[in-house]
Amino acid sequence: MKYLSLLMAVALLGLPSISKAEQADRGPQIYMQSRCFACHGQLGTGGFGPTLAGDRILAIKKFVIAQILIGRGKMPEFGSRLSDDEVAAVAQYVRNNWGNHYGPVTASDVASVRELMKKASDEAAKAESPQQQ
Amino acid sequence: MSGTRRLTGLAGSILIIAPLAFASPAWPQDSTQTAAPEANTASSPQNTTQKESSDIAALVKDDNQWPMAAKDYANTRFSHLDEINKDNVSQLQMAWSFSLGATRGQEAAPLAVNGTVYVVAPYAGPHPNQVFALDIANGDLKWSYAPKPDPAAQGVACCDVVTRGLAYDKGKIFLNTLDGFSVAIDANTGKELWHTKLGDINKGETITMAPVVVKGKVLVGNAGGEMGVRGWLAAVDEETGKIVWRAYSTGPDDEVLIGKDYKGPYDWLNGKDLGVKTWPPDKWKIGGGTVWGWISYDPDLNLIYYGTSNPGAWNHEQRPGDNLFGSTIFARNPDTGMAKWAYQPDPHDLWDYDEINEAVVVDLTIDNQLRKVLIHPGRDGFMYVIDRTTGKVISADAYDYVNSIKSVDLNTGRPVLNDALTPSLGKTVRNVCPAAPGAKDWQPSAWSPKTKLLYVPHQHLCMNFKTSNVGYIEGTPYVGADVDMYAGPGGYRGEFMAWDPVQRKKVWSIKEKFPVWSGALVTAGDVAFYGTMDRWFKAVDANSGEELWKFRAGSGFIGQPVTFSGSDGTQYVAIISGVGGWSGAVAAAEIDPRVRNGALGFTGAMQDLPASTVGGATLNVFALPKNQKKAASAQ
Amino acid sequence: MRPEKPMNVTVGAGLLLLVTLFSAQAFGQDKANADTNNPQPPPPTDSSNTGTTISPAQLLNVPVSGLTPGAVEARPKLNPPPADEKAAQRGMDDFASFNCVGCHMGNGGGGMGPALSNRAFIYGSSPENIFLSIYQGRPNGMPAWGTVLPEDTIWDLVAYIKNLSDAPVSQWGTTTSSTSPAIEQVPSEIKAVPNPWQYTQKFADGQKPQE
């Protein structure tokens with residue numbers, strides 16, 4: 001079971017985006033297979049991690065995507081394990097269930113956040129390097 | 001006259017031929033015996049003698065039998081047998097006993113049908129949930145049947161791995177296994193007829209209740225209110241094992257089976273999809289309301305009555321709203337499952353007050369009017385008398401010390417809560433009475449139409465209660481509370497009492513050291529029976545409560561006493577001993593008496609029980625000595 | 001529970017940048033380098049160490065039974081992570097977060113699942129045995145938590161469970177009578193600590209505990 005998310009991530013990188021309907025089904029699947037439920041509970045009830053049901057910070061799409069991609073504190077990163085499609089599916093799932101109604105998330109949303117973070121990372125690396133120009 | 005003679009000859013030859021034709025039958029001699037093994041022999045009666053019926057609807061009226069756990073559809077647990085009476089019960093002695101080969105809590109009621117006693121053991125020992133058929137007079141073992149339940153079910157059973165008994169109809173015994181199967185067994189041979197999976201242990205579901213057969217349907221409900229299980233009651237066709245209907249306790253109307261026939265007794269119980277609207281989004285999916293207790297039935301109104309468990313989780317702050325239909329009493333049509341009414345004694349339950357206790361069907365004269373009622377000893381400590389045609393509360397009075405609820409408002413049917421005791425996150429609320437198992441839990445009371453009293457076995461406990469946030473992970477507990485129980489005011493922890501539902505008061509009371517967790521039995525001989533957790537089986541005068549007889553058994557009692565008679569008219573009283581259950585788990589399972597919060601807090605109140613008893617199951621069957629018996633009196 | 005505050009998009013974008021800058025080094029970090037404060041779902045395994053001190057191959061050699069044929073000493077010498085106070089505190093939090101408390105109850109007193117507060121570990125009481133019981137589950141109702149929890153989390157739980165079972169012992173067996181046990185733990189709704197056997201009081205015989 002634990003190999004599956006990694007395998008899926010590897011297999012699906014570079015494939016065209018999936019349909020909205022498919023994405024709607026994949027969200028709950030990824031939530032379970034990537035073990036999000038272990039910390040955030042099923043139905044977003046929380047536990048080790050914060051409660052997602054009724055959490056208004058989920059309104060901020062880019063925040064949710066970034067959180068999943070790079071993790072924070074005790075939450076691990078999933079950017080290296082999940083494709084853009086998968087991140088989009090699970091982000092859409094948590095943002096639109098259990099009382100949350102915050103709208104869709106697409107694979108290109110995820111791609112643009114990855115790009116944004118790569119740019120920030122590159123600039124941070126440049127700022128630390130000995131060369132000034 | 002020759003024509004006449006010829007006719008006579010013809011007629012005569014017909015008369016000779018005709019009997020010969022009938023002498024060799026065109027059908028097989030004994031169709032039941034020649035049937036192939038897989039064929040459904042269930043429809044043939046258990047025996048072909050004319051006097052004995054195998055139909056449950058007839059058996060419930062025959063006092064020689066004890067054909068269902070609650071004795072009859074009204075759930076009276078009363079027998080008209082009076083060979084044993086208050087004058088001779090002191091002579092009662094063991095007739096025979098049978099070891100079930102299991103430890104852990106023995107909650108099941110023995111059944112007795114047409115000369116055979118049927119018992120079932122809990123999930124314990126090498127053959128969990130084993131069923132035994134025994135000869136009523138000498139205890140010979142006729143057959144046993146061991147199902148094949150999944151051992152992992154032990155990990156999702158909240159309150160010991162118990163079963164509350166079997167059911168019988170038309171030559172078949174019906175069994176519920178802990179891991180969620182309904183099974184039909186040939187009552188004569190012990191052969192398996194069908195088995196149907198109803199529950200899923202990976203959802204945290206188990207089945208512990210005794211099934212009830214109504215009009216050819218086996219009624220089975222699930223357990224798991226502590227596991228975030230969504231509760232339901234299912235009807236299974238007794239011949240085929242196929243599910244006929246399933247009524248959920250939470251969710252939209254079409255799944256709770258609420259339709260045009262439904263009318264709630266108060267405004268707040270009427271509305272569309274209340275099983276969804278009285279919850280935060282999606283929380284009804286893990287909302288509890290399981291059906292693990294008793295089901296009674298009124299054949300004239302054609303309504304079944306049963307209650308549902310606490311809503312999940314125990315931490316109420318995670319589920320604002322009334323949480324319908326947890327802690328609710330339902331009236332349903334048994335043919336279709338459609339609800340007629342629902343009444344919720346504990347809206348937005350705060351303290352794990354399930355309302356699965358029995359709803360005894362009685363007609364009472366109240367204020368000079370004959371009323372069709374249910375008497376329901378509430379978990380919350382209030383004795384409810386409810387109009388069973390509408391669900392409206394006629395009276396509700398505290399039958400033990402209650403400080404969590406001040407009163408029940410009869411205009412709205414809602415409890416008036418003691419707000420000072422409302423649990424809030426991280427705060428330890430002290431001295432909440434009754435404790436989570438209530439003033440009375442599943443252990444059933446008995447009603448005597450002779451004395452017009454209800455005989456109530458129950459506990460007397462209070463608790464500390466501290467809530468915490470809990471995440472739902474399917475198959476694991478969904479509770480969110482630290483509980484610590486202890487003896488109520490006065491220091492005693494149990495009571496057996498007689499209650500007058502018309503006068504609305506206690507008539508007599510016997511205090512016990514431990515909770516009285518056994519069921520009650522009362523007979524026309526004016527004797528009431530109950531068992532204590534420290535191994536005493538007692539007979540008391542039904543009018544005065546005076547102790548008349550007692551017997552020291554091998555292990556404490558949490559089972560249900562029954563009575564029946566053999567073919568020679570001998571009256572027997574039977575009960576299975578074997579401590580355990582939620583209250584006795586500390587003595588039967590691997591639970592540490594030094595850690596009070598164990599067993600959902602019950603360890604705190606029962607930590608000294610292992611010094612009195614440990615587990616071990618025996619069916620105890622009592623009768624009068626042969627030279628003491630009177631002839632059975634005419635019915 | 002996270003406090004719920006509405007945020008507007010500008011603040012959100014700023015937050016994103018902040019998060020990005022702070023985590024810039026984290027982005028692309030080696031996921032196999034599991035910090036004990038940064039638990040991961042179980043990574044794909046190979047035979048090399050994955051950040052804990054015991055490899056799966058080594059764990060496979062830990063016997064669950066007390067019998068080894070030939071009476072050969074076969075228990076491997078392993079180095080589990082240190083079971084210090086911090087590990088036990090994390091383990092206590094995990095014990096609640098992952099619902100261990102629901103079956104084993106507060107302070108491991110037992111309920112649906114057996115007590116962890118006594119010495120009766122039927123599947124072995126060594127740290128490795130307890131680790132495996134949690135990781136693999138057990139047939140009579142223990143779920144297989146290794147499919148969900150990272151190994152570091154399970155080692156923290158082991159540290160906490162070792163504390164839970166650290167009761168004062170005066171004899172080899174257990175006597176039960178009207179005078180024994182003589183002590184009980186201070187209950188968890190009064191005192192919730194990673195080493196509950198530090199706080200005991202007089203056995204209350206089912207009556208209200210003194211405070």
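Me: Why do we say that the side chains of Glu211(C) and Arg430(B) meet in a salt bridge?

Reply: This is a predicted model, and in it the N to O distance for Glu211(C) and Arg430(B) is 2.6 Å. The cut-off is 4 Å between a side-chain nitrogen of Lys or Arg and a carboxyl oxygen of Asp or Glu, so this pair counts as a salt bridge. The count of salt bridges between chain B and chain C is two.

Me: How many residue pairs are in polar contact between chain B and chain C?

Reply: The count is 25, with both residues of each pair at pLDDT 80 or more. To get on that list, a pair needs N or O atoms within 3.5 Å.

Me: Which parts of chain B each supply at least two residues of the side that touches chain C?

Reply: They are strand 25 (428-432), strand 28 (461-467), strand 29 (481-487) and helix 7 (602-606). Strand 29 of chain B gives the most, with four residues. Sorted by class, that side of chain B has 20 nonpolar, 13 polar and ten charged residues.

Me: What makes residues of chain B and chain C count as "in contact", and how many are there?

Reply: Heavy atoms have to be within 4.5 Å. By that test, 43 residues of chain B are in contact with 41 residues of chain C. Together the two chains bury about 3500 Å², and 53% of that is on carbon and sulfur atoms.

Me: How do you know which residues line the largest pocket, and which lie nearest its centre?

Reply: A lining residue has an atom within 4 Å of a pocket point, and 43 residues line this pocket. Nearest its centre lie His104(C), Gly113(C), Pro114(C), Tyr123(C) and Met142(C). In chain C, helix 4 (100-104), helix 5 (127-136) and helix 6 (151-164) each give two or more residues to the lining. About 920 Å³ of space lies in this pocket, and its lining has 26 nonpolar, 14 polar and three charged residues.

Me: What about the second largest pocket: how much space lies in it, and which residues are closest to its centre?

Reply: About 780 Å³ of space lies there. It is lined by 39 residues, and closest to the centre are Ser468(B), Asn469(B), Asp93(C), Ala96(C) and Ser97(C). Strand 28 and strand 29 of chain B each give two or more residues to the lining, as do helix 3 (85-97) and helix 4 of chain C. Helix 3 of chain C gives the most, with six residues. The lining divides into 17 nonpolar, 17 polar and five charged residues.

Note on methods: Residues are numbered from 1 along each chain as its sequence is written. Chains are lettered from A and ligands numbered from 1 in the order in which they are written. This is a predicted model: local features need pLDDT of at least 70, side-chain atom pairs count only at pLDDT 80 or more; totals for chains, interfaces and linings use all residues. Side-chain values use heavy atoms; hydrogens and water are left out. Buried area is the accessible area (1.4 Å probe) that two parts lose on being put together, summed over both. A polar contact is a pair of N or O atoms within 3.5 Å; within protein, one must be able to donate a hydrogen and the other to accept it, and residues adjacent in sequence count only if both atoms are side-chain atoms. Ala, Val, Leu, Ile, Met, Phe, Trp, Tyr, Cys and Pro count as nonpolar, Asp, Glu, Lys and Arg as charged, and the others, Gly among them, as polar. On a 1 Å grid over the protein atoms alone, a cavity is a set of points where a 1.4 Å probe fits but cannot get out, and a pocket is an open set with protein on both sides within 12 Å along at least five of seven lines; lining residues have an atom within 4 Å of a point. Grid points are joined across faces, edges and corners, and a volume is the space filled by probe spheres set on the points.
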